[in-house]
Amino acid sequence: MTTVALHYTTEELMAALIAREIRNGETVAVGTFSPIPASGALLAKASHAPDSEVFIMGSRDWWPFSEGSLEFFSLAQRGRFDFFFLSGAQIDRQGNINLHAIGNYSRPKVRLPGGAGSAMLYYMVKKVILFKTDHTVKSFVETIDFITSAASSPPALYRPGGLHLVITPLAVLVKNAGSGLLELLSFSPGTSVEEVRANTGFSLPDFSGGVTETTPPAPEELALLRGPVRESIASIYPRFAGQAFKS
Amino acid sequence: MPVRGVVGSDYTKIRTDFKTIKNPYGDDEILLVPAISPDVSLIHAFRADRYGNCVLNSALDDALLARASNKVIVSAEEIVETSELKTSQRGNFVSRVHVSAVVCLPGGAAPTSCGTYYREKADVLLEYLDAAKHPERLTDYLQEFSLRCRNGGELL
């Protein structure tokens with residue numbers, strides 16, 4: 001990786017990219033083990049999306065439910081969420097994700113935690129952002145070992161939602177509506193198109209509208225992330241809050 | 001039980017008990033999954049009375065678990081009079097109808113958190129994570145953990 005001194009962290013960049021996707025008034029739900037999406041959702045809420053509803057699993061302040069995840073997943077199944085964030089140990093060129101096992105499912109090399117609600121959420125949340133904190137040929141692969149949640153499904157199935165973007169430290173990928181395959185939309189400052197391709201295990205065409213360099217976080221975004229967002233995140237993810245933001 | 005989504009993933013390869021049917025109320029197809037009815041559930045409540053009525057953490061699925069299980073053993077931070085069982089957004093009421101036994105166990109959720117009673121103990125959780133990598137150290141951890149209370153919940 002090219003070494004360039006940046007004035008922000010990878011987490012701040014990814015959170016800002018997530019925040020920019022959210023429009024005011026949209027409902028944003030964040031699951032477990034998702035500190036970067038939680039930061040992005042709170043950044044949007046603190047800046048251009050004050051009327052958005054934000055739900056964060058594991059938070060007291062951002063969890064207005066009284067029937068646990070039953071109530072949360074029921075809302076999701078009614079199609080009430082505009083955004084949710086998923087990840088995977090492996091992601092393939094269509095955007096299928098693997099949270100089950102590396103290797104053969106019955107004799108895995110590594111057994112992963114499993115999919116929780118992802119096999120429903122990927123279908124029922126209008127815009128799903130895949131976020132991944134490592135972008136390597138081992139994580140972005142031609143064929144994944146197990147499809148925990150599918151980017152495409154049979155036409156007979158009711159599916160109002162699906163993949164919106166893939167966000168990694170290196171790049172933003174988007175799905176081509178025709179081919180159903182991922183394309184390179186933008187690369188992060190300090191990287192290059194070549195570096196993104198070299199770290200992707202499948203062939204990654206350019207987005208038809210052209211590939212650009214990702215706009216880095218603006219001073220206003222960084223100020224909010226390092227102020228109120230960090231403070232709010234600290235009550236959910238204290239270790240993350242201590243490490244992910246520049247002082 | 002009907003569930004949206006899932007079809008198209010590999011779940012249907014490993015779970016042959018998941019069935020896809022035509023939605024009788026629409027034109028689409030929908031997945032059915034069998035209900036899970038645990039034989040026994042151990043649930044830690046904020047407060048319980050001596051009949052088994054209790055108030056427990058509403059951020060979790062404990063109330064659902066209590067209603068789905070065949071036998072439910074509730075431990076609680078406090079045993080109180082029935083009139084003191086107050087629900088709130090943070091605490092759900094579960095009827096004694098679903099509860100088989102009640103145990104007074106202050107600190108019963110530790111080292112994880114318990115509502116407004118106490119926070120999680122991160123250092124103990126890290127200690128557990130480390131111990132869990134070595135069978136003999138895990139045995140020691142569990143031995144120490146199971147002996148941390150005496151006389152029905154008094155922490156040593």
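How many residues does the contact take from chain A, and how many from chain B? In this predicted model, chain A gives 30 residues to the contact and chain B gives 26 residues.

**The interface of chains A and B**

The size of an interface is often expressed as the accessible area lost when the parts come together. Here chain A and chain B bury about 2300 Å² between them, and 51% of that area lies on carbon and sulfur atoms. On the side of chain A, the residues that lose the most area to chain B are Arg60(A), Ala156(A) and Leu157(A), which together account for 21% of what that side buries.

For salt bridges between chain A and chain B, the count is zero. Two helices of chain A, H3 (68–77) and H4 (118–124), each supply at least two residues of the side that touches chain B. By class, that side of chain A holds 17 nonpolar, 10 polar and three charged residues.

**Helix packing within the chains**

| Helix pair | Angle | Axis separation |
|---|---|---|
| H2 (residues 35–46) and H6 (residues 219–234) of chain A | about 115° | 9 Å |
| H3 (residues 122–131) and H4 (residues 135–146) of chain B | about 145° | 8 Å |

In chain A, H2(A) passes H6(A) in a right-handed crossing. From H2(A), the contact is made by Pro35(A), Ala38(A), Ser39(A), Leu42(A), Leu43(A) and Ala46(A), and from H6(A) by Glu221(A), Leu224(A), Leu225(A), Val229(A), Ser232(A) and Ile233(A). This contact of H2(A) with H6(A) has nine nonpolar, two polar and one charged residues.

In chain B, H3(B) contributes Val124(B), Glu127(B), Tyr128(B), Asp130(B) and Ala131(B) to its contact with H4(B), while H4(B) contributes Arg137(B), Leu138(B) and Tyr141(B). Sorted by class, the contact of H3(B) with H4(B) has five nonpolar, no polar and three charged residues.

**Salt bridges**

Over all chains, the count comes to 14 salt bridges. One salt bridge joins the side chains of Arg20(A) and Glu221(A), at 2.9 Å from N to O. Arg20(A) belongs to helix H1 (residues 10–21) of chain A and Glu221(A) to helix H6 of chain A, so this pair ties together parts that are 201 residues apart in sequence. Glu221(A) is also among the H6(A) residues that make the contact with H2(A).

**Backbone features in loops**

Which peptide bond is cis, and where does its proline lie? The bond from Ala110(B) to Pro111(B) is cis, with omega near 10°. Pro111(B) is placed in the loop between strand S8 (101–104) and H3 of chain B.

In chain A, Phe33(A) has phi near 50°, a positive value in a residue other than glycine. Phe33(A) sits in the loop between strand S1 (27–30) and H2 of chain A.

Key:
Residues are numbered from 1 along each chain as its sequence is written. Chains are lettered from A and ligands numbered from 1 in the order in which they are written. This is a predicted model: local features need pLDDT of at least 70, side-chain atom pairs count only at pLDDT 80 or more; totals for chains, interfaces and linings use all residues. Side-chain values use heavy atoms; hydrogens and water are left out. Axes are lines fitted to C-alpha atoms, for helices over the stretch in contact, and angles run from 0 to 180 degrees between N-to-C directions. Helices (H or I, at least four residues) and strands (E, at least two) are DSSP runs, numbered from the N terminus. A crossing is left-handed if the near helix is turned anticlockwise from the far one by less than a right angle, and right-handed if clockwise. Contact means heavy atoms within 4.5 Å. Ala, Val, Leu, Ile, Met, Phe, Trp, Tyr, Cys and Pro count as nonpolar, Asp, Glu, Lys and Arg as charged, and the others, Gly among them, as polar. Buried area is the accessible area (1.4 Å probe) that two parts lose on being put together, summed over both. A salt bridge is a side-chain nitrogen of Lys or Arg within 4 Å of a carboxyl oxygen of Asp or Glu.
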